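Hi everyone, thanks for making time.

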Amino acid sequence: MTTTAPPAPVPDADGQWAVETHGLTKRFKDNVAVDGVELLVPRGCAFGYLGPNGAGKTTLIRVLLGLTGADAGTMSLLGYEVPRHRDRALARMGAIVDEPRFHGHLTGRQNLQMLAAAREPAARARIGPSLERVGMAQRADDKVSKYSMGMRQRLGVAACLLGDPQLLILDEPMNGLDPGGMLEMREMIGSLVAEGRTVVLSSHLLDEVERTCDAVAIVDRGKVIRQGPIADLLAGAAFELQVDCATPERAAALLGGTAWAAGVHPGPDGLRVDLAAGTDREVVAEVNRLLVEGGVSVYRLQEVHASLESWFLEVTTRLGVDR
Amino acid sequence: MTTTAVTVAPDGGPDPRVTDDRAPDHRGSWVPNGAMIATRFMELRRRRGLMAALILVNIGIPVVFLTVRLVAHAVAPHSYGPAGGYDLFTSMVAGVLFVFGFIVAATLGCTAGSVDLTEGMFRHLVVTGRSRLALYLARIPAGLAIIVPLVAVGFAFVCAVCVLAAPTQLEFQGVPVPVGLSQPAFETWAAGHPDEVICNFGFDIGPNSALLPVVNSVPCGGGNGPSIQKGGPGAPATSQVTQAQVEDAARQIARSNYADYARRFLSPSVSLMVKSGLWIELYAAIGFLVGLGLSSLMGQRTVPVILMIVLEIVLTPLLSHSPIAHLLNVQRSLVGIAVTHLEPGGLPSVFGNSQNGGPRVPGVTESTTVAICVIVGWIVVWTALGAWRMVTRDA
């Protein structure tokens, strides 16, 4: 009697990270599109992947999905090491890369039938619910060539849902959507996350990302330069204090010599005080005390924290100066 | 690079709200499933413009041609011969269906091999996790399920017309002759119609032949024998020729023509139709597979279609006309020439040439083994190249 060694066990979909990359690199001749990326996307959240045009966002997504090969580094999706177990990982994923394009001579439903056929048998039963969920049920039997860009985006999301995915990767999902469509997309992403799924989306619409995502990574020139929860990242950003007072010039003179004021900008109705990142909140009370003791009537003090957009611009601008 | 610790991560284990009890579905297997083949068939079949063009070329041309002949024969039967018949069948199969079937199949193959890429569907399919090889192989049965019936319909129409509208009597060299005679029966028939045979059948006799005085004794009113030498200086007196000699001469002439006669039928036999049908289906299948592989390799449709048409209507006829000493193996490696080697007997050679007005014969010869190897090689190599490119291509 002969015995055969059992095949090596395939790791199940567990682990903390939905996406994990280490030193991931992709080159196109001399151009390094993805440069040693260390990316950790936690499970069960909406994760934004931000960067200027040409930063390598789409290339990283293409590498993760196996649409193009990596030159160096390791990666795993849903705990599955890829490319070794890519088919198992992709079975639990859905993705839109670049603009969603389909066979124009087929209807939306027929396109989904083609994609469902390549998935597990149960995917065929999900075509109707997926179309319903993205609001395309009424137009599902129209030819895709007659769809608007926004409708194709929705159809792309419906295609992602065919596999009942644990992880969705959406490349610029808000493109082509009108304000109402963007709101619906945001709500849908929120509902997917509420179901315990992970959504990774790349976008240049920072405002939308801030409203939609829990965490972000900033990529520039192929490198991830920041990543983490939005709240934590913005907490580390500089903020400003708006001061409404009677004599802004005198107030500026009083605050100009302090150590914690990075900049003081008087205006007709008051002044703006730049505070460095990590400044203690007690400083606000100290500003008030200094101004009152200096004879300045203070009407209002307001902290203005950086938005994701201003923080993004701050980060990328600094990088631009460094170059 | 600054990396901030991520704190929104859950506890690390699989989220209980997302169920993942799905069983492995073998989507890494290279074998396509039935649904993939069915949906690919649907995708190709619903290309209305392409389908209309393919039907027009492969079915429309024979239909129009034969319909015109049918109408012309019905209107003026003495001016226009029957629309069907054996000769027309062989001409249509070797001259039209064989070539157009290949071009149509190649066009469909080029479409099947490239549209996912050009229309942006390829990456959607890759992201499903399904084996790229399976995605490629699903196109083969789907495409063949279209091209085989398409070729069959055109062929069936030609068969139907050639059988149903076949002439009622065989005309051999302008003489009505009973069909399907054995050689003795043919000679016996000739002995019964010596004047028609001697005056119309082709034969070649020398000036000193014993037959010469006999044939010269027959009064012909413009017979069409190609080499008949009647009368002339020193011709023997016709009064010495007996009826038995005339009949014997007719038998001899009939004997020399029997090989040509034996190839003439009123309508194609069932056996010939079946063999011819399988033969053009084989060539169409090859055209589809080569087109599929070539377009997958090149990632586009237009240039591969042009290349396939050039191969079929320029390169193959050019290189098959006659052997070229230094290019003989190149000539033999052309799939068109290899397939014509398997052509059913009774059909004129598609790419051959005609000698002395007889049926076309192959200009380049090769053994059946070599022909089969060439055909298998074309199928395997182009399929492998197309599949390899599909597997390695950036999506």
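This is a predicted model: local features need pLDDT of at least 70, side-chain atom pairs count only at pLDDT 80 or more; totals for chains, interfaces and linings use all residues.

In chain A, six strands make an open sheet, in the order 6-7-8-3-9-10, with mixed pairing. Strand 6 (93-96) and strand 10 (223-229) of chain A sit at the edges; each has a single partner strand, so one side of each has no neighbour in the sheet. Going from one strand to the next, the twist averages 15 degrees.

Let's zoom in on one pair. Strand 3 of chain A, residues 46-50, and strand 8 of chain A, residues 198-203, pair in the parallel sense over five bridges.

Helix 5 of chain A, residues 149-161, lies across strand 6 and strand 7 (167-171) of chain A. Relative to strand 6 of chain A, helix 5 runs at about 160 degrees.

Now zoom out a bit. Chain A is split into domain 1, 17-228, and domain 2, 238-304. How many Å separate the centres of domain 1 and domain 2 of chain A? Taken over C-alpha atoms, the answer is 45 Å.

Further along chain A there's a hairpin: strand 12 of chain A is joined to strand 13 of chain A through three residues. Strand 12 (residues 261-266) and strand 13 (residues 270-275) of chain A run antiparallel, with five bridges joining them. On strand 13 of chain A, the partner of A:Pro266 is A:Leu271.

Back to strand 1 of chain A, residues 17-28, where we find A:Leu24. Is A:Leu24 buried or exposed? A:Leu24 counts as buried, because it has 23 C-beta neighbours inside 10 Å, and the cut-off for buried is 20 or more. Leaving out residues up to four places away in sequence, A:Leu24 touches A:Val34, A:Gly36, A:Val37, A:Val63, A:Ala70, A:Gly73 and A:Met75. A:Glu38 is 14 residues away from A:Leu24 in sequence, and their C-alpha atoms are 6.9 Å apart.

As a rule, most residues other than glycine have a negative phi, and most peptide bonds are trans. Then look at A:Lys29: it's not a glycine, but its phi is positive, about 55 degrees. A:Lys29 is in the loop between strand 1 and strand 2 (31-42) of chain A, and it is exposed, with 5 other C-beta atoms within 10 Å. A:Asp98 also has a positive phi of about 55 degrees without being a glycine. You'll find A:Asp98 in the loop between strand 6 and helix 3 (108-117) of chain A. With 15 C-beta neighbours inside 10 Å, A:Asp98 counts as partly exposed. And the peptide bond from A:Val82 to A:Pro83 is cis, with omega near 15 degrees. A:Pro83 is in the loop between strand 5 (80-82) and helix 2 (86-91) of chain A.

Chain B, then. Chain B has 15 helices and four strands, and 39% of its 395 residues are buried.

What about the largest nonpolar core? The core has 157 residues, and those that touch the most other members are A:Phe47, A:Leu77, A:Ile169, B:Val158 and B:Phe288. Helix 3 of chain B (residues 86-118) gives the largest share of this core, 19 residues. Apart from that core there's another one, of 15 residues, including B:Val218 and B:Ala249.

Last thing, confidence. For chain A the mean pLDDT is 85, with 91% of residues at 70 or more. Helix 3 of chain A is highest, at 96, and helix 11 of chain A (residues 308-322) is lowest, at a mean of 63. Over residues 1-12 of chain A the pLDDT is below 50.

Conventions
Residues are numbered from 1 along each chain as its sequence is written. Chains are lettered from A and ligands numbered from 1 in the order in which they are written. Domain bounds come from an automatic or database domain assignment. A nonpolar core is a set of buried Ala, Val, Leu, Ile, Met, Phe, Trp, Tyr and Cys residues joined through C-beta atoms within 7 Å. A residue is buried if 20 or more other C-beta atoms lie within 10 Å of its own, exposed if 12 or fewer, and partly exposed in between; C-beta atoms are placed from the backbone. Helices (H or I, at least four residues) and strands (E, at least two) are DSSP runs, numbered from the N terminus. Two residues are in contact if their C-beta atoms, placed from the backbone, lie within 7 Å. Two strands pair if DSSP finds at least two bridges between them. Axes are lines fitted to C-alpha atoms, for helices over the stretch in contact, and angles run from 0 to 180 degrees between N-to-C directions. pLDDT is the predictor's confidence in each residue, from 0 to 100.
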